[in-house]
Amino acid sequence: MSIHIGAAPGQISDTVLLPGDPLRAEWIATTYLEDAVCYSKVRNMLGFTGTYRGHRISVQGTGMGQPSLAIYVHELLAEYGAQTLVRVGSCGGLLETVKVRDIVVAMSGCTDSSLNELRFEGFDFAPTADFSLVRGYVERAEAAAVPHHVGQIFSTDAFYHDRPELRERLTQYGVLAIEMETSALYTLAAKFGARALSVNTVSDNLVTGEALSSEERERSFADMVELTLATVTA
């Protein structure tokens, strides 16, 4: 039993979906999993385990930001033996072509966080996704004709940013979208030898100003979650 998750041994699958919002974790569990059981309510960061087409799957909320996600991912990897972790989140599009409701499949995650700078004593570590998960997800998105983009995502520590000029520089280097968790997820997966992927539905576009309402976000996230479940159970 870990400090922040509080599940007993054996209650968590080795395959875990990671939404930021614990209520979204509950929505995924109740919508897609059979016989879903809540294994943790510590700090109201809900976690569930059930089955999807005969495969045992867990869904764990992580909160917002890399420090929060890193706590839950570290404990899932170190204490519960997780092997496959997929973030199912939201992001802001940085290019006009990355439209609201599209899915961004993150091959890598750059960041303004100092977490890896401290961990690696000054040199740059490039956190990347598991290739087999990227390939499997993209193949299924193409087969389902779901609009998606594959490339680098920016994981920031500041939701309200004081450096608007940074956005333009990121797009010049091909960064597709901005969120707050992927870089930490990929780093910890590398440390523990696990597979990780981050897929994010575009909830708003920072160029056009278009944005989804809360209700629209829930409906739009269905494609992302269904593709994720198909990928991890293949």
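Helix 2 and helix 6 cross in a right-handed way, meaning the near helix is turned clockwise from the far one by less than a right angle. This is a predicted model: local features need pLDDT of at least 70, side-chain atom pairs need 80 or more, and totals for chains, interfaces and linings use all residues. Residues count from 1 along each chain as its sequence is written, and side-chain values use heavy atoms, without hydrogens or water.

Back to the helices. Helix 2 is residues 66–80, helix 6 is residues 182–192. Helices here are DSSP runs of H or I, at least four residues; strands are E runs, at least two; both are numbered from the N terminus. The two axes come within 9 Å and cross at roughly 25°. Axes are lines fitted to C-alpha atoms over the stretch in contact, with angles from 0 to 180 degrees between N-to-C directions. The pair is therefore roughly parallel, the term for angles under 35 degrees.

Who touches whom? On helix 2, residues including L69, V73 and L77 take part; on helix 6, residues including L185, L188 and F192. Contact means heavy atoms within 4.5 Å.

Now the largest pocket. Its volume is about 680 Å³, the space filled by probe spheres set on grid points joined across faces, edges and corners. A pocket is an open set of points on a 1 Å grid over the protein atoms alone, where a 1.4 Å probe fits, with protein on both sides within 12 Å along at least five of seven lines; lining residues have an atom within 4 Å of a point. There are 28 lining residues, with G92, F159, I178, E179 and M180 nearest the centre. Strand 5 gives the most, five residues.

Notes
Angles under 35 degrees count as roughly parallel, over 145 as roughly antiparallel, 65 to 115 as roughly perpendicular and the rest as oblique.
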